[in-house]
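Please look over the charged and aromatic side chains of the structure shown here, and at the way they pair.

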Amino acid sequence: MSARGVATRVGLAVLAASPAVAMRLAGVHLPAVAGMAVFGVAVLSAVALLMWASEVARVDLPGSLALALLALVAVLPEYAIDIYFAFAAGSDPEFAAFALANMTGANRLLIGIAWPLLVFAAIWAVRRRGQRGDRTGVSLSGHRRTETIYLLVATIYALVIPVTGRLAWYDSIVLGVLFGLYLSRIGRTEHAEESLVGVSATLARQPATRRRLTVAALFGTAAVVILSSAEPFGKSLVEAGTALGIDEFLLVQWLAPVASEAPEVIVAIAFALRGRADDGLGALLAAKLNQWTLLIACLPIAFYLGGGEFAGLKLDARQTEELYLTAAQTLLGVAVLADLRISRVEAALLFLLFAVQFAIPTQAVRYGVAVVYAVLAAFLLARHRRELPALVRASWPTGRARPKS
């Protein structure tokens, strides 16, 4: 693609996002439907910028690290919303429930909805659009074991949090260190040659300094757009839902995360439709690990800075149920990926179990589905037991770089 063509496409994406940023800076409040349109277009524009940036970044960074950077920028809306709830909970205890509800809802949406969507999008791309790939599922590269094993360790630790009855300061330390070890490990992954097309290919051929500055500018612009659009987009969705008489807790747990998770999910689906399902699921894995470690680690800190107790956020019975259910679902997700493949049957199972606990949000159903998640996870881990040594080795954060697959 010519330089003019690249400038035109990038310029159109920035132009489409500009009204949302301008309105946010001016403090303009739009009606619910108009807000969904204006800020929704901005989120989609940010997705385009993120895709170009993440693809070009892989020229200079290991692929996993570039995807982790993409995931970190893409989940900024979730950080903005959840940290706001935790900060507000420091002075108003009612918001503590919203912080945990938003976090657990966002995490369960990723595995229960986004993973199955990506699998079926990838299968459709292979069968209908002639893309190369797995016709009955999504197969992953060997280096995806790194995200998988760190997700497993974080999940085991998350099971301990409800036992203490609070999300405490020491949880921030443990989960923050775990995320740091993960970044250290993927930063040592060997580079792989990239086959780029269109905007990404043109930008990748630029001199190193110009290319890196361009990537930084694209990531920075996407971050500004996402941070400007996430809250008003989420509020527009909530206002529309409130007008329909939907329960406030359910709005915070499900409707707001739909808005905040949109960037990384759209990016991942776009990767799958372009025959890069491994990168798509890799982005979702990085986003899930990011939220399951660093985001949770930020909540006690935000709570304390907002005027709350240094000891952390107390958990009530409902929050305890939500944490156990989310941890159990994550455990099943890890077990599914232990053999580096997620089939359409496994994807359908993840979706159906999510649909049951979503459609019937009672205590008995939540605990019942959590038990089903745990039993299925134990079965799959036993079935894939020969894969476990390689999974454990992938966690080592130091030493020489290992091959990507």
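The report below takes up salt bridges, then aromatic pairs, then a surface patch.

The model is predicted, so local features are given only at pLDDT of at least 70 and side-chain atom pairs only at pLDDT 80 or more, while totals for chains, interfaces and linings use all residues. Residues are numbered from 1 along each chain as its sequence is written, and side-chain values use heavy atoms, with hydrogens and water left out.

**Salt bridges**

The structure holds nine salt bridges, a term used for a side-chain nitrogen of Lys or Arg within 4 Å of a carboxyl oxygen of Asp or Glu. Among them are the following.

| Pair | Closest N to O |
|---|---|
| Arg144 and Asp279 | 3.1 Å |
| Glu322 and Arg318 | 2.8 Å |

Helices and strands are named here as DSSP runs numbered from the N terminus (H or I over at least four residues for helices, E over at least two for strands). Glu322 and Arg108 link distant parts of the chain, since Glu322 belongs to helix α13 (residues 317–337) and Arg108 to helix α5, 214 residues apart. Both Glu322 and Arg108 are buried, where buried means under 20% relative accessible area, exposed over 50%, and partly exposed in between (1.4 Å probe, protein chains only).

Arg318, by contrast, sits in helix α13 together with Glu322, four residues away, or about one turn of the helix. Glu322 counts as buried because its relative accessibility is 3%, whereas Arg318, at 25%, is partly exposed. Through shared partners, salt bridges join Arg108, Arg318, Glu321, Glu322 and Arg366 into one network.

In the bridge between Arg144 and Asp279, Arg144 lies in the loop between β1 (137–139) and α6 (145–158) and Asp279 in helix α12 (residues 277–305), so that the pair ties together parts 135 residues apart in sequence. Arg144 and Asp279 are both buried.

**Aromatic pairs**

Rings of Phe, Tyr and Trp (its six-membered ring) pair if their centres lie within 6.5 Å, with planes under 30 degrees apart called stacked, over 60 edge-to-face and the rest tilted; the count by this rule is eight aromatic pairs. One of these joins Trp169 and Tyr170 edge-to-face, at 5.5 Å centre to centre and 80° between the planes. Trp169 is partly exposed at 41% relative accessibility, as is Tyr170 at 32%. Trp169 and Tyr170 form one aromatic cluster with Tyr304 and Phe310.

**Surface charge**

Arg127, Arg128, Arg135 and Arg344 gather in a surface patch of positive charge; patches are made of residues with over 30% relative accessible area and no salt bridge, like charges being joined within 9 Å and nonpolar side chains (Val, Leu, Ile, Met, Phe, Trp, Tyr) within 5 Å. Arg127 is found in helix α5 (residues 94–128) and is partly exposed, with a relative accessible area of 39%.

Conventions. Accessible areas come from the Shrake-Rupley method with a 1.4 Å probe; for residues, only the protein chains shown count as cover. Lys and Arg count as positive and Asp and Glu as negative; His and the chain ends are not counted. The place of a charge is taken as NZ of Lys, CZ of Arg, CG of Asp or CD of Glu.
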